Amino acid sequence: MTSQGLKLDKYSIGTGDRFAHQAKAQLQACVQALNSGIDVVPVWNKSNREHTIIGSEPASVREAADDAVRALGWKLPYFCDADHITLSTVERFLPPCDFYTIDVAEFIGQPAATTEVDRFVDRHQEFLGRIQLSGVDEAFEITPENLRQTAQKFLVAIKKAGEVYRRIENARGPGNFIPEVSMDETDRAQSPTELLIILAAIADEGIPVQTIAPKFSGRFNKGVDYVGDTVQFEREMALDVAAIAHAVRQYGLPQNLKLSIHSGSDKFSIYPAIHATMQKFNAGVHLKTAGTTWIEELIGLAEAGGDGLALAKEIYSEAFAHRDELCAPYSTVIDIDPARLPSPNEVQGWSSGQYTSALRHVKGAAAYNSSLRQLLHVAFKVAAKMGNRFQELLESNEAVIAKNVTENLYDRHIVPVFLGRQ
Ligand SMILES: [Zn+2]
């Protein structure tokens, strides 16, 4: 494995900022964490899909992050993440980013050549038989058949990750970026033994991976809570963390390798499990949230009343009218119940309080409407189209928006996940 330059800290939070206006307010949440005694390093993430929908360039994320860091005098590391990139989309992220989420999900299941599989199986006879991971009770049995099947299923994807990794390494130089491998945007969760075998393949491929994003069972819809069995999630996460520790020792992967949980934001019901598992294994986590900062912008505008509230209502009307088109790119990660979407007419009559309490995700709040929230979450294109009209209101209402952005990130995400308080 090549020597490590840039190193991701134990605790980090990925945060999205669609319109590049809230980096300071987001960083303020990390400042608050620091004041509470915990280092949580910010990573600004924005995918190619979001840049394309908005018409922005990756350099704008870097600029906003650098400005925020300067303004708040942030002394700890921070990163800009080229989120879910592939060989075909990585180029424009090469100059401004120093964190790369290499997405290989589309290659999972493409059968590897028999010679490749043979070579892998020969090289990794250590998997055969009983494997006991430290810190967990159950042991695993891997048969030659399991090993072959897993290699067959994942080796092509890992080779692709290697190609993307080397493209980035050529451009930026070794050690000048954090590599993540993500496999979350696929239909089936990987088992802990699959993860172990995948990590061995990643080590063989020479990728000094610092974060790995498997798919967990349950649904991780954008901007809303986890849907699934939280006990099962905790068990899965513990096994994955144990598998990572095992792979670090066995295959010489970076010591700081940790799970990246692509949460899609707001997975409140599994935050206690994430915290408890980190404690139990003395492990870190990269908690990637989605671009829910954009929702906080809407909440701030609505809370401001006047023109802000009027614009927030107009955005809802447009989103409602174009809901099929807006939802299409996100169809696998949202679950909107059309019957629960209020009519634009009804929303026209709402007060600031009615709008914000329907949209703001506070667990157990009666007025909270997850269908409305998911629709508005994917409706940032509507605001992007408004251009200056939207941007100017963001600026004239900066204070109320920033308060919502910081509070949301700190109180609802950092506090339960990293400080372990509800
Ligand atoms: Zn993801």
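## Core packing

Leaving aside residues up to four places away in sequence, I202 touches I158, V181, I207, V209, I212 and L253. The model is a predicted one. I202 belongs to the largest nonpolar core, a set of 100 residues. Y100, I202, I212, F233, I274 and F418 are the members with the most contacts inside this core.

Over the whole protein of 422 residues, 59% count as buried.

## Overall fold and dimensions

The protein contains 17 helices and 10 strands. Among contacts with a sequence separation of 6 or more, 80% are between residues 24 or more positions apart.

The radius of gyration is 22 Å, which agrees with the value near 22 Å that a compact globule of 422 residues would have. Along the principal axes, the C-alpha atoms fill a box of roughly 70 × 40 × 40 Å. The accessible surface is about 16300 Å², and carbon and sulfur atoms make up 49% of that area.

## Zinc site

A zinc ion has three named protein donors: H84 through NE2, D184 through OD and H262 through ND1. These donors lie 2.0 to 2.2 Å from the zinc ion. Along the chain, their spacing is H-x99-D-x77-H. H84 is in strand 3 (residues 79-85), while D184 is in the loop between strand 7 (178-182) and helix 6 (192-204), so this pair ties together parts that are 100 residues apart in sequence.

## Cysteines

A disulfide is a covalent bond that joins the sulfur atoms of two cysteines. The cut-off applied to a pair of cysteine sulfur atoms is 2.5 Å, and the resulting count is zero disulfides. For C80, the closest cysteine sulfur is that of C97, at 5.8 Å, which is too far for a bond.

C80 is buried, with a relative accessible area of 1%. C327 also counts as buried, at 14% relative accessibility.

Definitions and conventions: Residues are numbered from 1 along each chain as its sequence is written. This is a predicted model: local features need pLDDT of at least 70, side-chain atom pairs count only at pLDDT 80 or more; totals for chains, interfaces and linings use all residues. Side-chain values use heavy atoms; hydrogens and water are left out. Buried means under 20% relative accessible area, exposed over 50%, partly exposed in between (1.4 Å probe, protein chains only). Donors are N, O and S atoms within 2.8 Å of the metal (3.2 Å for Na, K and Ca); water is not among the atoms, so sites may look incomplete. Helices (H or I, at least four residues) and strands (E, at least two) are DSSP runs, numbered from the N terminus. The radius of gyration is taken over C-alpha atoms; the globule rule is 2.2 Å times the number of residues to the power 0.38. Contact means heavy atoms within 4.5 Å. Accessible areas come from the Shrake-Rupley method with a 1.4 Å probe; for residues, only the protein chains shown count as cover. A nonpolar core is a set of buried Ala, Val, Leu, Ile, Met, Phe, Trp, Tyr and Cys residues joined through side-chain atoms within 4.5 Å.
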